[in-house]
Amino acid sequence: MPARRFTAEQVDAAVAALSTDPGRFAHAQEIVTHAAPGLQRVLNEALHAGGWFGEAHEKQITGAASIEGEAEREIAIRTLIAEETRLSMLVGVAVGLELARAMYEPEAFNEPESESESEE
């Protein structure tokens with residue numbers, strides 16, 4: 001995938017196009033289903049490396065679960081789940097963009113040969 005910069009309008013148009021044709025996801029779903037275990041591992045590593053699921057996350061879970069009122073507790077838990085879902089989606093999109101780049105530019109992701117390999 002050639003390096004390009006996109007305008008906000010181009011991104012908005014692409015997102016709109018995705019929402020109008022659900023069939024365009026069929027091939028992507030096949031690829032993701034096949035790659036799910038590896039993608040999940042990459043996503044988890046990215047989330048942990050970013051510090052999103054460390055001690056602060058555990059405090060948020062404990063805080064939401066310990067709220068006294070049932071309605072307030074449910075709201076706090078739903079909010080936490082929604083925030084985590086959005087965060088995971090954003091990180092997942094970033095992983096997807098890099099995956100697409102790796103598919104289009106495999107040479108950019110190959111490790112250089114070591115000197116001993118190149119001498120053989």
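This is a predicted model: local features need pLDDT of at least 70, side-chain atom pairs count only at pLDDT 80 or more; totals for chains, interfaces and linings use all residues.
Me: Which helix supplies the largest share of the lining of the largest pocket?

Reply: The largest pocket is lined by 27 residues. Helices α1 (8-20), α2 (26-49) and α4 (70-104) each supply at least two residues of that lining. The largest share, 9 residues, comes from α4.

Me: Into which classes do the residues of the lining of the largest pocket divide, and how many are nonpolar?

Reply: The pocket has a volume of about 1,200 Å³, and Leu18, Ala28, Gly96, Leu97 and Ala100 are the lining residues nearest its centre. Of the residues in the lining, 2 are charged and 4 are polar. The number of nonpolar residues is 21.

Me: Are α2 and α4 oblique or roughly antiparallel to each other?

Reply: The axes of α2 and α4 come within 10 Å and cross at roughly 120°. An angle over 145 degrees would count as roughly antiparallel, and 65 to 115 as roughly perpendicular. The angle of α2 to α4 therefore makes the pair oblique.

Me: Is the crossing of α2 and α4 left-handed or right-handed, and how many charged residues does their contact have?

Reply: The crossing of these two helices, α2 and α4, is right-handed. Residues of α2, including Leu39 and Val42, meet residues of α4, including Leu87 and Val91. By class, the contact of α2 with α4 has 9 nonpolar and 2 polar residues, and the number of charged residues is none.

Me: Are α3 and α4 roughly parallel or roughly antiparallel to each other?

Reply: Helix α3, residues 55-65, packs with α4 at an angle of about 155°, and their axes are 8 Å apart. Angles over 145 degrees count as roughly antiparallel. The relation of α3 to α4 is therefore roughly antiparallel.

Me: How many charged residues does the contact of α3 with α4 have?

Reply: His57, Gln60, Ile61, Ala64 and Ala65 in α3 meet Arg73, Ala76, Ile77, Leu80 and Glu84 in α4. By class, 6 residues of this contact of α3 with α4 are nonpolar and 2 are polar. The number of charged residues is 2.

Terms used. Residues are numbered from 1 along each chain as its sequence is written. Side-chain values use heavy atoms; hydrogens and water are left out. On a 1 Å grid over the protein atoms alone, a cavity is a set of points where a 1.4 Å probe fits but cannot get out, and a pocket is an open set with protein on both sides within 12 Å along at least five of seven lines; lining residues have an atom within 4 Å of a point. Grid points are joined across faces, edges and corners, and a volume is the space filled by probe spheres set on the points. Helices (H or I, at least four residues) and strands (E, at least two) are DSSP runs, numbered from the N terminus. Ala, Val, Leu, Ile, Met, Phe, Trp, Tyr, Cys and Pro count as nonpolar, Asp, Glu, Lys and Arg as charged, and the others, Gly among them, as polar. Axes are lines fitted to C-alpha atoms, for helices over the stretch in contact, and angles run from 0 to 180 degrees between N-to-C directions. Angles under 35 degrees count as roughly parallel, over 145 as roughly antiparallel, 65 to 115 as roughly perpendicular and the rest as oblique. A crossing is left-handed if the near helix is turned anticlockwise from the far one by less than a right angle, and right-handed if clockwise. Contact means heavy atoms within 4.5 Å.
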